[in-house]
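Try each task before you read its solution.

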Amino acid sequence: MLSGLDHLVVTVTDMGRAVDFYSRVLGLDVRYRDAQRVDLMLGDTALRLHQTDTDIEPISATPTPGSLDLCLRCQLPLDEFKQHLDVLGIEVELGPVARQGANGAI
């Protein structure tokens with residue numbers, strides 16, 4: 001059903017310090033999306049940094065520094081996957097919605 005990890009969002013308080021660590025220390029390629037979001041590429045997967053005080057929607061209910069949000073790739077059409085979750089009684093907080101994935105629109 002799932003085919004991989006598209007991106008993992010990490011909430012940070014100091015974007016410059018985080019970008020420096022992941023790029024200089026770990027060697028990840030940096031893609032600046034805007035002042036509050038930066039993608040650090042690891043193959044076709046992105047480690048996406050979000051600033052804690054962002055006004056970009058949607059954001060988590062409690063964007064705590066160091067918290068994570070992940071976006072998985074799915075082999076099923078989204079409506080089929082949503083039906084699967086409905087059958088299992090799993091509530092979807094938001095979505096499906098269009099997103100910017102690690103390698104383009106998803």
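A nonpolar core is a set of buried Ala, Val, Leu, Ile, Met, Phe, Trp, Tyr and Cys residues joined through side-chain atoms within 4.5 Å. Keep in mind that this is a predicted model.

**Exercise 1.** Find which residues make up the largest nonpolar core.

*Solution.* Start with the members. There are ten: Val 10, Val 12, Met 15, Ala 18, Val 19, Leu 28, Val 38, Leu 40, Leu 47 and Leu 49. Next, sort them by element. β1, α1, β3 and β4 each supply at least two residues of this core. α1 gives the most, with three residues.

**Exercise 2.** Decide which strands pair with β4, and in which sense.

*Solution.* Take β1 and β4. They pair in the parallel sense over six bridges. Here Val 9 has Arg 48 as its bridge partner. Now take β3 and β4. They run antiparallel and are joined by six bridges. Leu 40 stands opposite Leu 47. Finally, look at the turn. β3 and β4 form a hairpin with two residues between them. Gly 43 in that turn has a positive phi of about 65°.

**Exercise 3.** State whether the faces of β4 are covered or open.

*Solution.* First, recall a rule. In a regular strand, side chains alternate between the two faces of the sheet. Then check each side. Thr 45, Leu 47, Leu 49 and Gln 51 are buried on one face. Ala 46, Arg 48 and His 50 are buried on the other. Both faces are covered.

**Exercise 4.** Count the disulfides.

*Solution.* A disulfide needs two cysteine sulfur atoms within 2.5 Å. For Cys 71, the nearest cysteine sulfur is that of Cys 74, 10 Å away. Cys 71 is therefore in no disulfide. The count is zero.

Conventions
Residues numbered from 1 in each chain as written. Predicted model: local features only at pLDDT ≥ 70, side-chain atom pairs only at ≥ 80, totals over all residues. Heavy atoms only, no water. Buried < 20%, exposed > 50% of the residue type's maximum accessible area, 1.4 Å probe, protein only. Helix = DSSP H or I, 4+ residues; strand = E, 2+ residues; numbered from the N terminus. Pairing = 2+ DSSP bridges.
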